[in-house]
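Here are a few notes from my pass through this one. Have a look at the structure first, then see whether you read it as I do.

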Amino acid sequence: MKKILYIILASFVLFGCTEKLNKFPLAQMSDGDFFASEAGLQAFSNSFYSMFPGDSRDNVRDGMIAFDNCDNIYGTAQLKEVKGNRQVPNSEEGWVWTKLRTVNTMLDNLGQCPDPAVRTYYEAIGRFFRAYFYYNKIRVFGDVPFYDHQVGSADADLYKPRDNREVVMVKIIEDLEFAIANLSSEHTVYTVNKWTAMALLSRVTLFEGTFRKYHNYVVPDSVKNAHDAAWYLTKCAEVSENFIDNSNYKIYSTGNHKEDYRMLFAADKFADHAAANEVILAENYNISYGKSHNVNNILFATTMGCLGMSRKAVASYLMADGSRFTDKPGWETMQFYEETQGRDPRLAQSIVTPGFKRIGESVTQAPWFTSTISGYQLTKFQQAPGEAYIHDANGKSDNDLIIFRAGEVYLNFAEAKAELGTITQDDLDKSITPLRSRVGMPAMILANITEADPFLINKEWGGYQNCKNPVVLEIRRERLVELGQEGHRYNDLLRWKEGKILEAQMYGMYFPGPGVYDLDRDGNNDVYIYEAGKLDESVKATYKLELGKGIFLSEDTKGMVNFHKNTPGKWDEAKDYFYPVPSGEIQLNPNLVQNPGWTI
């Protein structure tokens, strides 16, 4: 037991402190009272927080806090999920159960604690994390074996088959409802509480309801009392509305339409920031105790994938008056300065646009073409540079990163109601309107949404092919804009059965041809594009890019930036919505069945 204790305590250095961490003399714990005391249970359960994602930008399977890498944001390296050459791995690749065993270990040993209130609280903590663990397994693999206890080497359950996803989803919901009933209702930004469990239940039921609807999933007859898509969507609408009405979390706003959205993600410490009114749970970072991440470096470095927003995503943002940008004549060939004027203010708070200044600085900047593949340089989650630009260094960012926030729950509510066909203007006013009001955008008016935006369903642009409901589409637009770069997009495409979107060409800024461009019109040349052998050394510009080498355009000598022009994405509808079960696991347990379409 001492070995386990040392491992758990060591993990605190890696995963950071929480609000309860330092209240007990952990170093004085002995084997005998490890699960018998609140101190021991607290120490053990703090390791569960390592389940939450970090700032990874290249692993959509496990999720990420501060980046998408999908159709709205992309980099020099394509997702392995769309290369068309994935193979069945021999081991791991997400099929790892260590963290579940840790949770079940605590739950199985709660009887050692004599205090019933403490036992109940930590059971709620354990069941929250078990639900979180299994939700992520369902997303990735579909059917998985469900374990609610420790499994030893001699346990027959070690060789059980995969349980149907309905069985697992019911267990997830039971766990979360227990957590909701027994966790604290106090707002605790770095530890899970009742409202975190409600936010997770909102996320889980929306995923499952829309997955079943768009994949036409039918539960086998062998599973009794199964629920359909509408049941899950209704559950999502109910828990989300309960959260909105009763949690006292609000959409963060100071009335500064041009800064509030940006500062929600750039805030250093939510424990000391008014944005905590929206943030349900965040990852706590602080360089002073050795815990930091790499977001600023990813946004500025030339060797970190050069992520950028796609032109499709940029075009999806509405005009500031609520009209559609893609209804404007000639939008397809509109250049950077013109296309960024008069838009939804969230665009200028998500990417570098004309007049952009870093937090705390007075000098304007144009996009860094050495740091973005598309020309649309990301700024969301970018914190102030810090003394001697320390936060821009590799692994030296330390602003808190959001795991759950109220804005997502508001969007979940609106989407669930729209999918059920029961949404009203009152529903929009309590969900979408606060998000838009933060940035000074007009409300979404249900009566005005009478037909699908042609751009949102345009296949060439990577539009949706399995949904033509205009209200649902507008809420999806809002979700892309509001939650962009927060790690949701790939999972959204999975549940909507829109994987084919990832085969569409990935575009960036439009350039009419070789020449010199002052992107932000500040009087300084930002980009000089020239053809091979025609470089004019006398031209002064920040970035000198040779066609076909330093920059690739969709029509060779003109068009949109098109880095992956010759390597379009590939998506197999028959298999790519799930990851394969590792072959080694099937050899160890012949009762496991491989996901459809995957062969060794």
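**Notes on salt bridges, a helix and the core**

1. Let me start with Arg476: its relative accessibility is 1%, so it counts as buried. Keep in mind that this is a predicted model. The salt-bridge partner of Arg476 is Glu419, with the closest N and O atoms 4.0 Å apart. Arg476 belongs to helix α15 (residues 470–483) and Glu419 to helix α13, so this pair ties together parts that are 57 residues apart in sequence. And Glu419 itself? With 8% relative accessibility, under the 20% cut-off, Glu419 counts as buried too.

2. Helix α13 is mostly covered, with 14 of its 15 residues buried.

3. Another buried pair is Arg86 and Asp576. They form a salt bridge in which the closest N and O atoms are 3.3 Å apart. Arg86 sits in the loop between β1 (73–74) and α3 (98–108), while Asp576 sits in the loop between β9 (559–560) and α17 (583–588), so the bridge ties together parts that are 490 residues apart in sequence.

4. For contrast, take Lys500 and Glu503, whose closest N and O atoms are 3.1 Å apart in their salt bridge. Lys500 has a relative accessible area of 40%, which makes it partly exposed. Glu503 is partly exposed as well, at 29%.

5. Finally, the nonpolar side. Which residues touch the most other members of the largest nonpolar core? Among its 171 residues, those are Phe52, Phe129, Tyr134, Ile172 and Phe511. Helix α4 (residues 116–141) gives the most to this core, with 15 residues. As for Ile172, leaving out residues up to four places away in sequence, it touches Ala131, Tyr134, Tyr135, Ile138 and Val204.

How values were computed:
Residues are numbered from 1 along each chain as its sequence is written. This is a predicted model: local features need pLDDT of at least 70, side-chain atom pairs count only at pLDDT 80 or more; totals for chains, interfaces and linings use all residues. Side-chain values use heavy atoms; hydrogens and water are left out. Buried means under 20% relative accessible area, exposed over 50%, partly exposed in between (1.4 Å probe, protein chains only). Helices (H or I, at least four residues) and strands (E, at least two) are DSSP runs, numbered from the N terminus. A nonpolar core is a set of buried Ala, Val, Leu, Ile, Met, Phe, Trp, Tyr and Cys residues joined through side-chain atoms within 4.5 Å. Contact means heavy atoms within 4.5 Å. A salt bridge is a side-chain nitrogen of Lys or Arg within 4 Å of a carboxyl oxygen of Asp or Glu.
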